[in-house]
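Take a first look at the model below.

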Amino acid sequence: PESQDSIVLDQATLTQYGKGNYEIPVSYQMDRFAIGARGGFASTMATGKNMPFGYDALLDLRYAHYWAKDLNKPAIGIMTGLNVGYVQASQAIEILDKYTAPTVDGDVDYVISADKVAETDKQIQLEIPVMFSMVSPKGFFLNVGPKIILPVYSMYEQTITNPNIYAYVPELNGNPIINEVVMGKVTDEQMNITGNMADNPCKLLSLALGAELGYEFKFKNGHSLDLGVYADYSVYNLYRTENTTGKIVSLTPPTKTSAAIVTVQPISSAFSSKYGFLDAGVKISYNFDWVK
């Protein structure tokens with residue numbers, strides 16, 4: 001028949017699709033603008049007594065460009081954008097430090113203790129992702145690649161519960177020293193301190209590896225909705241603190257002209273030689289898709 005004579009079969013098409021399938025593939029490209037939100041647990045991963053845990057909540061603005069051989073093949077592309085959000089993490093430890101310090105009157109044994117020291121880090125941060133992205137014909141998506149994390153504003157709050165400093169002179173059979181000039185004292189101001197983490201350069205930048213996966217719901221208007229999970233892990237930190245003391249409360253022994261000096265620093269500064277970043281949670285985004 002005339003209709004059969006008009007059909008021209010391409011050998012490459014037959015090889016790709018198999019005998020008996022005469023569908024001719026049509027390649028396409030797609031631009032995607034997306035707005036979304038995500039949130040879950042987070043940690044600043046300070047290298048110290050423990051790993052501080054908290055949460056994060058972020059707004060994502062993304063652009064991606066995709067290529068595909070045809071509608072039956074996964075579309076692959078590159079995604080970038082700007083993410084902005086809030087991250088909070090907390091950690092708490094006890095203090096029990098014992099050491100001997102030389103003074104003008106001989107060695108003095110010091111014991112510094114506290115029932116609890118709690119620090120909370122709060123941060124507003126920007127993230128710039130550059131990720132490989134894939135969307136399958138059945139609706140599954142995968143985004144994976146690096147993210148630059150830039151803190152915009154960071155601060156910490158720390159409280160100390162029941163701090164005590166005891167000083168003993170071994171030659172006096174361990175009798176405690178009552179004089180605060182020798183033993184020192186944690187002031188009320190030092191029991192509640194706040195500060196900007198920008199003063200600590202290890203909080204300035206991180207490079208994280210991120211991954212997102214989930215399912216995509218297509219709408220009749222050509223756009224789509226993503227539901228999925230995400231996780232980010234810091235693999236490199238440009239700034240770090242090299243010389244940590246390992247002490248939250250430190251004491252400089254008295255001299256003939258000065259009393260004992262007590263200094264207090266945050267948990268993160270006392271114990272962290274470097275910072276990392278870890279978060280994971282759920283995400284949702286609405287995608288505006290334009291197929292070319």
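Rings of Phe, Tyr and Trp count as a pair if their centres lie within 6.5 Å. By that rule, ring pairs join Phe33, Tyr63, Phe219, Tyr286, Phe288 and Trp290 into a cluster. The model is predicted. Across the whole structure, a search turns up 10 aromatic pairs.

Start with Phe140 and Tyr215. Their ring centres lie 5.3 Å apart, with the planes at 75°. Planes over 60 degrees apart count as edge-to-face, so this pair is edge-to-face. The two partners come from distant parts of the chain, 75 residues apart. Phe140 belongs to strand β5, and Tyr215 to strand β8, which covers residues 206-218. Tyr215 has a relative accessibility of 32%, so it counts as partly exposed.

Now return to the cluster. Two of its members, Phe219 and Tyr286, have ring centres 5.9 Å apart and planes at 20°. Planes under 30 degrees apart count as stacked, so this pair is stacked. Phe219 is partly exposed, at 36% relative accessible area. Tyr286 is partly exposed too, at 25%.

The charged end of Arg38 sits over the ring of Tyr230, 5.0 Å from the ring centre.

Which residues touch the most other members of the largest nonpolar core? They are Val117, Ile248 and Val249, in a core of 26 residues. Several elements each supply at least two residues of this core: strands β3, β4, β5, β6, β10 and β11, plus helix α5. Strand β4 gives the most, with five residues. Leaving out residues up to four places away in sequence, Val249 touches Ile95, Asp97, Ile112, Ile160, Val186, Val262, Thr263 and Val264. There is also a second, separate core of nine residues. Among them are Tyr66, Ala68, Met79 and Phe141.

Finally, consider confidence. The protein chain has a mean pLDDT of 83. Of its residues, 81% reach 70 or more. Over residues 1-20, the pLDDT is below 50. Beyond near neighbours in sequence, that stretch has 15 contacts in the model.

Methods:
Residues numbered from 1 in each chain as written. Predicted model: local features only at pLDDT ≥ 70, side-chain atom pairs only at ≥ 80, totals over all residues. Heavy atoms only, no water. Core = buried A, V, L, I, M, F, W, Y, C linked by side-chain atoms within 4.5 Å. Buried < 20%, exposed > 50% of the residue type's maximum accessible area, 1.4 Å probe, protein only. Helix = DSSP H or I, 4+ residues; strand = E, 2+ residues; numbered from the N terminus. Contact = heavy atoms within 4.5 Å. Phe/Tyr/Trp six-rings, centres within 6.5 Å; stacked < 30°, edge-to-face > 60°. Lys NZ or Arg CZ within 6 Å of the ring centre and 35° of its normal. pLDDT = per-residue confidence, 0-100.
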